[in-house]
Amino acid sequence: MKLNWSTPSPPNEKYHYDHTIAETPFGRFLLTWKGWKDNPGYGFDETPWNEIEYHDWDNVEEAQRWAEQEIYRKCRDLLGINNEKN
């Protein structure tokens, strides 16, 4: 599922870290990172399933791909669609 991500933005009053957002019908993905560090720590402070997700992503694009794959997987699970071919 392709998500529409906002342009990466620097910290501001509302978000204290560099960030980008994708709104979905199920809720938002808020991807944040510490742009001033050598190891920025990319992670999701918000997900549509109300969980914080931090993995060992190397860049924004990798984290965004994970979010797109994960929401696709969760939708398929909710609908009972099996990924295996019969």
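Q: Leaving aside neighbours within four places in sequence, which residues is leucine 31 in contact with?
A: In this predicted model, leucine 31 is in contact with Trp5, Asp18, His19, Thr20, Tyr42, Gly43, Phe44, Val60, Ala63 and Gln64, once neighbours within four places in sequence are set aside.

Q: And which residues touch the most other members of the largest nonpolar core?
A: Leu31 is one of them; the others are Leu3, Trp5, Phe29, Phe44 and Ala67, in a core of 16 residues. Both β2 (27-33) and α1 (60-79) supply at least two residues of this core.

Q: Which element gives the most to this core?
A: That is α1, with six residues.

Q: What is the overall pattern of the chain, read along the sequence?
A: The protein chain follows the pattern β-β-β-β-α. Its secondary structure comes to one helix and four strands.

Q: How many residues does α1 have, and what does it reach from its first C-alpha to its last?
A: The helix α1 has 20 residues and reaches 29 Å between those two atoms. That is close to the 28 Å expected at 1.5 Å a residue.

Q: Which residues are buried in α1?
A: The buried residues of α1 are Val60, Ala63, Gln64, Trp66, Ala67, Glu68, Glu70, Ile71, Cys75 and Arg76. What covers them includes β1, β2, β3 and β4.

Q: Glutamine 64 is of interest to me. Why does it count as buried?
A: Glutamine 64 counts as buried because its relative accessible area is 13%, and the cut-off for buried is under 20%. The residue lies in helix α1.

Q: What does glutamine 64 touch, not counting residues up to four places away in sequence?
A: Glutamine 64 touches Trp5, Thr20, Leu31 and Phe44 on that count. Trp5, Leu31 and Phe44 are among the residues that touch the most other members of the largest nonpolar core.

Q: Changing topic: where is the place of asparagine 50?
A: Asparagine 50 is in the loop between β3 (43-46) and β4 (53-54). Its phi is near 55°, a positive value in a residue other than glycine. Most residues other than glycine have a negative phi.

Q: Is asparagine 50 buried or exposed?
A: Asparagine 50 is exposed, with a relative accessible area of 73%.

Q: Now proline 11. Where is its place?
A: Proline 11 is in the segment before β1 (18-24). With a relative accessible area of 38%, proline 11 is partly exposed.

Q: What is proline 11 in contact with, leaving aside neighbours within four places in sequence?
A: Proline 11 is in contact with His16, Tyr17, Asp18 and Trp36 on that basis.

Q: How many residues apart in sequence are proline 11 and lysine 34, and what is their C-alpha to C-alpha distance in space?
A: Proline 11 and lysine 34 are 23 residues apart in sequence, and their C-alpha atoms are 8.9 Å apart in space.

Q: What about the chain as a whole: what box do the C-alpha atoms fill?
A: Taken along the principal axes, the C-alpha atoms fill a box of roughly 50 × 25 × 20 Å. Of the 86 residues, 38% count as buried.

Q: What does the accessible surface of the protein chain come to?
A: The accessible surface comes to about 6,100 Å², and 47% of it belongs to carbon and sulfur atoms.

Q: And how many charges are there in the protein chain?
A: The protein chain has 10 positive and 16 negative charges, and the mean positions of these two sets are 4 Å apart.

Methods: Residues are numbered from 1 along each chain as its sequence is written. This is a predicted model: local features need pLDDT of at least 70, side-chain atom pairs count only at pLDDT 80 or more; totals for chains, interfaces and linings use all residues. Side-chain values use heavy atoms; hydrogens and water are left out. Buried means under 20% relative accessible area, exposed over 50%, partly exposed in between (1.4 Å probe, protein chains only). A nonpolar core is a set of buried Ala, Val, Leu, Ile, Met, Phe, Trp, Tyr and Cys residues joined through side-chain atoms within 4.5 Å. Contact means heavy atoms within 4.5 Å. Accessible areas come from the Shrake-Rupley method with a 1.4 Å probe; for residues, only the protein chains shown count as cover. Lys and Arg count as positive and Asp and Glu as negative; His and the chain ends are not counted. The place of a charge is taken as NZ of Lys, CZ of Arg, CG of Asp or CD of Glu. The expected span of a helix is 1.5 Å times one less than its number of residues.
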